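Dear colleague,

I am handing over the structure below, followed by an account of what was found in it. Please keep it open beside you as you read.

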Amino acid sequence: MQVAGSSQSSWLATVKKARKTALLQDGRIKVHYELPDGREMAEECDKETGELLVRKWKTKTRLGGEGQWEWEVGEEAHYTKRLHAAASDALVESSSAPFVVRRDTTKSFEWRIRNLPYPADVYSITAEPDTFSLALRTSNKKYFKRLVVTDMQRLGLPVEQSYVSFVHTNNTLIITYKKPGPVLEMQKAVYTEVASLMKGKKDGDVNCRQT
């Protein structure tokens with residue numbers, strides 16, 4: 001397992017070293033990061049609340065070509081995946097099949113698993129510290145899902161059971177993981193970095209910084 005303190009310092013250093021392009025558009029702060037290791041990360045957050053709306057990643061292919069964006073946070077992830085599958089004539093899963101949408105609030109990580117019709121007492125969620133993940137099981141053995149808490153993984157912070165909660169409503173299971181102090185501190189540090197890019201900018205302005 002990674003050492004939390006060194007992982008947190010390492011990730012913040014990576015963000016600071018990245019070449020960043022920022023844009024304010026339609027009430028969203030959009031930031032594109034070109035990381036030192038060649039990966040790209042794009043984030044969008046609400047200008048007023050600071051809530052993260054989108055985070056996606058792009059990694060070059062083994063031959064050095066352009067990869068496809070892969071969503072970590074955001075409603076678009078599921079629908080983009082279906083569009084790509086349809087465009088490539090790949091097998092498209094049924095619209096009634098369960099699917100996961102990862103969301104993010106200022107205080108917690110959230111997963112919404114839609115199309116799960118079973119009552120609340122069927123579900124159990126177990127924190128698995130060694131894999132930085134939450135394991136979702138059903139007592140009727142109809143569904144299983146392992147959800148990696150990627151933000152915790154990047155910072156080397158093991159997940160804890162006491163931070164987990166869930167509710168079930170309208171065929172949707174909503175799993176919440178309360179953000180611990182180190183995550184909130186990192187969130188604040190990254191937001192400060194982004195805010196320095198956007199200082200004095202208005203809608204449509206672009207700021208690019210090489211750090």
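Strands S9 and S10 form a hairpin with five residues between them, and in the turn Lys141 has a positive phi of about 60 degrees; helices (H or I, at least four residues) and strands (E, at least two) are DSSP runs, numbered from the N terminus. The two strands pair in the antiparallel sense over five bridges, where pairing requires that DSSP finds at least two bridges between two strands. Within this pair, Leu134 has Leu147 in S10 as its bridge partner.

Before going further, please note that this is a predicted model, in which local features need pLDDT of at least 70 and side-chain atom pairs count only at pLDDT 80 or more, whereas totals for chains, interfaces and linings use all residues. Residues are numbered from 1 along each chain as its sequence is written, and side-chain values use heavy atoms, with hydrogens and water left out.

On its other pairing, S9 is joined by six bridges to S8, and these two strands also run antiparallel. Here Leu134 in S9 stands opposite Ala127. S8 and S9 form a hairpin as well, with four residues between them, and Phe132 in that turn has a positive phi of about 55 degrees. Strand S9 (residues 133–138) is mostly covered, since five of its six residues are buried; buried means under 20% relative accessible area, exposed over 50%, and partly exposed in between, with a 1.4 Å probe and protein chains only.

The charged side chains come next. Side chains of opposite charge can pair when their charged atoms come close, and a salt bridge is counted here when a side-chain nitrogen of Lys or Arg lies within 4 Å of a carboxyl oxygen of Asp or Glu. A search of the whole structure finds 21 salt bridges.

Glu128 takes part in two of the pairs described here: with Arg137, the closest N and O atoms are 3.7 Å apart, and with Arg146 the N to O distance is 2.8 Å. The pair with Arg146 links distant parts of the chain, as Arg146 lies in strand S10 (residues 144–148) and Glu128 in strand S8 (residues 123–128), 18 residues apart. Glu128 counts as buried at 18% relative accessibility, while Arg137 is partly exposed at 34% and Arg146 is partly exposed at 38%.

Another salt bridge joins Asp151 and Arg55, with 3.1 Å between the closest N and O atoms. Asp151 belongs to helix H3 (residues 150–155) and Arg55 to strand S4 (residues 52–58), so this pair ties together parts that are 96 residues apart in sequence. Both Asp151 and Arg55 are buried, and both belong to a network of salt bridges that also includes Glu43, Glu72, Arg102, Asp104, Arg154 and Lys179.

Turning to Ile113, this residue sits in strand S7 (residues 108–114) and counts as buried at 0% relative accessibility. Leu173 is 60 residues away from Ile113 in sequence, yet their C-alpha atoms are 5.1 Å apart. Leaving aside residues up to four places away in sequence, the contacts of Ile113 (heavy atoms within 4.5 Å) include Pro98, Phe99, Val100, Leu136, Tyr143 and Leu173.

Lastly, on confidence, the protein averages a pLDDT of 87, and 83% of the residues score at least 70; pLDDT is the predictor's confidence in each residue, from 0 to 100. Over residues 82–87 the pLDDT stays under 50, and for that stretch the model has nine contacts beyond four places in sequence.

With best wishes
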